[in-house]
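Welcome! Have a look at the sequence and the structure, and then we will walk through how some of its pieces pack together.

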Amino acid sequence: MFRKVVTTIALIGILIPLWGCQNQSESQAKEVIVLGDIALNPSRKQRFQGVADYLAANLGQAGIGQGEVKIASDKETMAQWIKAGVVDLYMDSPYPAMYMVNQTGAKVILRRWKKGVAEYSTIFFARQDSGLKSLEDLKGKMLALEIPFSSSGYMFPLSHLMKAGMNPVEKGEANHQVPKNQVGYVFAGDDLNTVRWVLSKNVDAGATDSETFAGLSESQRSQLVVLAETNKFPRQVVVAAPDMDPKVLEEVKEVLMKMHKNKEGQEILQKFKKTAKFDQFPQEPKAALAQMEEYYELVQAGDK
């Protein structure tokens with residue numbers, strides 16, 4: 001009997017310190033910060049992983065010790081993840097970003113200089129020989145856009161047309177008839193296809209982002225005429241999950257905004273679609289948000 005009691009006491013003596021160590025380890029466990037992206041190709045995860053790792057390595061005082069990336073196949077799934085707190089940060093152009101803000105209550109926090117560009121716009125263009133000279137001339141004509149979830153290839157041009165008092169209406173095919181009181185539009189799939197469709201006379205005009213238009217060859221540009229240009233918008237914005245701890249959020253902003261000031265950060269940003277830096281909006285965040293919100297609401301109203 002004595003031997004058994006001694007053995008039990010001895011075991012308790014061993015287990016108590018182990019239990020204490022385990023609790024101490026759990027209390028010191030670091031949280032994970034998760035970046036989200038929407039893509040059909042899961043390999044895009046690697047594009048964001050460097051930024052996630054950098055944040056984790058520089059947010060120790062905020063209790064962050066690991067960075068992860070989650071790829072959603074569609075915007076609805078990403079919205080669910082942000083709302084549930086599964087994804088902490090999401091970076092995209094204004095239209096997808098505003099979708100997340102409206103669907104989840106996420107907060108717009110910073111601007112991302114993707115490909116070294118702070119702001120961009122949409123340019124409406126047609127062939128030189130089309131006879132079209134202004135936005136007004138698009139009535140009764142067919143316009144090529146990019147895809148339905150694009151900022152520069154959908155939200156900007158449609159909202160611009162609506163603000164000008166015009167009536168953009170989606171058509172099934174590029175050769176469909178367009179009434180004089182409408183501007184017909186079809187989706188080309190990508191910006192370069194939009195340019196090709198205009199040059200090959202598949203459509204009367206096109207709308208593409210200012211970066212793509214500036215990158216056209218001299219031969220292509222010589223065949224085109226600019227009809228109009230939209231307002232400028234942030235190239236990309238960073239939104240944070242609505243339930244992110246305010247102190248952690250401030251630390252995240254600070255780390256991202258200083259990232260371009262050191263060699264390691266610069267190298268990671270360069271691999272991240274040649275991002276120049278993250279910064280605050282030049283005007284008050286509310287002002288930047290108001291313009292994006294206005295264009296977003298116009299497109300949403302037009303889709304109903």
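At roughly what angle do the axes of helix α2 and helix α10 cross? In this predicted model, the axes of α2 (residues 45-58) and α10 (residues 263-271) cross at roughly 155° and come within 8 Å. Angles over 145 degrees count as roughly antiparallel, so that is how α2 and α10 are placed relative to each other.

**The helix pair**
- The crossing of α2 and α10 is left-handed.
- Helix α2 brings Gly50, Val51 and Tyr54 to the contact, while α10 brings Glu264, Gly265 and Ile268.
- Sorted by class, the contact of α2 with α10 has 3 nonpolar, 2 polar and 1 charged residues.

**The sheet**
- Strands of a sheet pair through backbone hydrogen bonds, in either a parallel or an antiparallel way.
- Here, 6 strands make an open sheet with mixed pairing, and their order is β2-β1-β3-β13-β4-β14.
- The edges are taken by β2 (64-72) and β14 (278-279); each has a single partner strand, so one side of each has no neighbour in the sheet.
- Strand β1 (residues 31-38) pairs with β2 in the parallel sense, over 8 bridges.
- To find your place there, look for Ile38, which stands opposite Ala72 in β2.

**Helices on the sheet**
- Helix α4 (residues 94-104) lies across β1, β3 (89-92), β4 (107-112) and β13 (236-240), and runs at about 145° to β3.
- Helix α9 (residues 246-258) also packs on the sheet, where it touches β1, β2, β3, β4, β13 and β14.
- The direction of α9 makes about 10° with that of β4.

Notes
Residues are numbered from 1 along each chain as its sequence is written. This is a predicted model: local features need pLDDT of at least 70, side-chain atom pairs count only at pLDDT 80 or more; totals for chains, interfaces and linings use all residues. Side-chain values use heavy atoms; hydrogens and water are left out. Axes are lines fitted to C-alpha atoms, for helices over the stretch in contact, and angles run from 0 to 180 degrees between N-to-C directions. Helices (H or I, at least four residues) and strands (E, at least two) are DSSP runs, numbered from the N terminus. Angles under 35 degrees count as roughly parallel, over 145 as roughly antiparallel, 65 to 115 as roughly perpendicular and the rest as oblique. A crossing is left-handed if the near helix is turned anticlockwise from the far one by less than a right angle, and right-handed if clockwise. Contact means heavy atoms within 4.5 Å. Ala, Val, Leu, Ile, Met, Phe, Trp, Tyr, Cys and Pro count as nonpolar, Asp, Glu, Lys and Arg as charged, and the others, Gly among them, as polar. Two strands pair if DSSP finds at least two bridges between them.
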